Amino acid sequence: MEKEEILKEGKRVLREEAETLGRLAERLNGEFVKAVELLASTRGRVVLTGVGKSGLVCKKIAATLASTGTPAFFLHPTDAAHGDLGMLKGEDTVIAVSNSGETAELLSIIPLIKSFGIPVIAITSNPESTLAKVADVTINLGVEKEACPLNLAPTSSTTATLALGDALAAALVKVKGFTSEDFARLHPGGKLGVRLARVKELMHKGGEVPQVPPEATLKEAIIEMSAKKLGATLVKDGERLLGIFTDGDLRRALERGADLNTPIKEIMTENPKTIREDAFGEEALRLMELHKITVLPVVDGEGRVTGIVHLHDILGRRILKT
């Protein structure tokens with residue numbers, strides 16, 4: 001197969017799957033709304049179930065739901081038929097995925113699930129299937145042909161199911177009023193959790209904050225900067241921030257002929273960029289990159305200093321841009 005043909009085939013698959021998603025978006029109707037409302041009102045867990053590639057997609061949908069405030073897990077139909085149905089509770093809701101709607105392993109457990117009084121949401125491309133007929137809500141994927149050149153391997157159908165799962169999760173975020181703060185609580189580890197850490201969790205405070213009064217000399221400021229090892233010192237009048245003096249300010253001051261007895265108030269940077277302690281660490285990182293600085297004084301609503309945050313505090317916690 002020539003290189004051009006390989007590239008052509010790759011583009012064909014991507015275009016076909018993109019077209020599948022476009023048609024699915026146009027096809028969404030009141031059944032999608034019913035599904036979201038049912039999921040939002042579920043007092044228990046959302047249980048995803050499916051076989052083969054559909055089962056793999058179910059695992060991802062369950063993970064996305066759980067991470068956005070809707071408790072969810074995956075239950076394999078075969079395991080369910082061998083005792084794991086005991087994991088279900090009457091206040092749960094089941095999402096059953098089968099492109100054909102006739103998957104035997106899945107259909108064998110649906111009557112048992114229904115006997116528990118648990119509602120079932122079907123995701124299928126066959127609205128006339130057995131699964132669709134027994135479900136309380138049916139979302140029609142409408143996939144008539146797979147992108148696989150043999151029209152055999154689940155491709156367009158699994159892509160559509162995956163995207164539909166994202167749509168359900170996103171709609172639930174809106175309906176439930178799930179916030180960034182809620183997301184942070186569910187993602188305490190890894191890059192996501194750290195990006196959503198509050199500045200107050202990252203900053204130096206109390207005796208760790210380098211600070212001098214405006215009457216201090218350049219020599220006293222250097223001593224304070226060396227002691228606290230943040231490459232800067234705040235200049236404060238009581239609790240009020242007057243300015244900041246950094247390593248860069250020091251170089252510029254010496255170039256202009258300042259000596260060790262020069263009052264710091266004459267060579268400090270006035271009105272420095274600041275941040276509130278309830279801001280996200282990602283915002284602090286963005287400010288530092290935008291203004292090419294490495295430290296930010298942290299102040300409250302009255303302009304009183306509560307701490308200082310350094311670029312290394314952020315990068316050390318792996319707050320990274322996506």
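**Notebook: cores, loops and overall form**

I started at leucine 168, which touches Phe32, Ala35, Val36, Leu39, Ile95 and Ile139, leaving aside residues up to four places away in sequence. A reminder to myself: this is a predicted model.

Next I looked up the core around this residue. Leu168 belongs to the largest nonpolar core, a set of 26 residues, and together with Leu48, Leu65 and Ile95 touches the most other members.

I moved on to the loops. Is serine 129 buried or exposed? Serine 129 has 0% relative accessibility, so I count it as buried, the cut-off being under 20%. My note on its place reads: in the loop between S4 and helix H7 (130-134). Its contacts, again without residues up to four places away in sequence, are Ser100, Gly101, Glu102 and Thr124.

Then I checked backbone angles. Asparagine 151 is not a glycine, yet has a positive phi of about 55°. I found asparagine 151 in the loop between S5 and H8. With a relative accessible area of 37%, asparagine 151 is partly exposed.

Lysine 292 also went into the notebook, with a positive phi near 55° in a residue other than glycine. The loop that holds lysine 292 runs between helix H15 (281-291) and strand S10 (295-299). Why do I call lysine 292 exposed? Because its relative accessibility is 74%, and exposed means over 50%.

Last, I zoomed out to the whole chain. I counted 16 helices and eleven strands in the protein chain. What radius of gyration does the protein chain have? I get 29 Å, whereas a compact globule of 322 residues would have one near 20 Å. The C-alpha trace spans about 85 × 55 × 35 Å along its principal axes.

For burial, 44% of the 322 residues count as buried. The chain exposes about 16800 Å², with carbon and sulfur atoms supplying 54% of that area. Among contacts with a separation of 6 or more, 64% come from residues 24 or more positions apart.

The protein chain carries 42 positive and 44 negative side chains, and the centres of the two sets lie 1 Å apart.

Technical notes
Residues are numbered from 1 along each chain as its sequence is written. This is a predicted model: local features need pLDDT of at least 70, side-chain atom pairs count only at pLDDT 80 or more; totals for chains, interfaces and linings use all residues. Side-chain values use heavy atoms; hydrogens and water are left out. Helices (H or I, at least four residues) and strands (E, at least two) are DSSP runs, numbered from the N terminus. The radius of gyration is taken over C-alpha atoms; the globule rule is 2.2 Å times the number of residues to the power 0.38. Buried means under 20% relative accessible area, exposed over 50%, partly exposed in between (1.4 Å probe, protein chains only). Contact means heavy atoms within 4.5 Å. Accessible areas come from the Shrake-Rupley method with a 1.4 Å probe; for residues, only the protein chains shown count as cover. Lys and Arg count as positive and Asp and Glu as negative; His and the chain ends are not counted. The place of a charge is taken as NZ of Lys, CZ of Arg, CG of Asp or CD of Glu. A nonpolar core is a set of buried Ala, Val, Leu, Ile, Met, Phe, Trp, Tyr and Cys residues joined through side-chain atoms within 4.5 Å.
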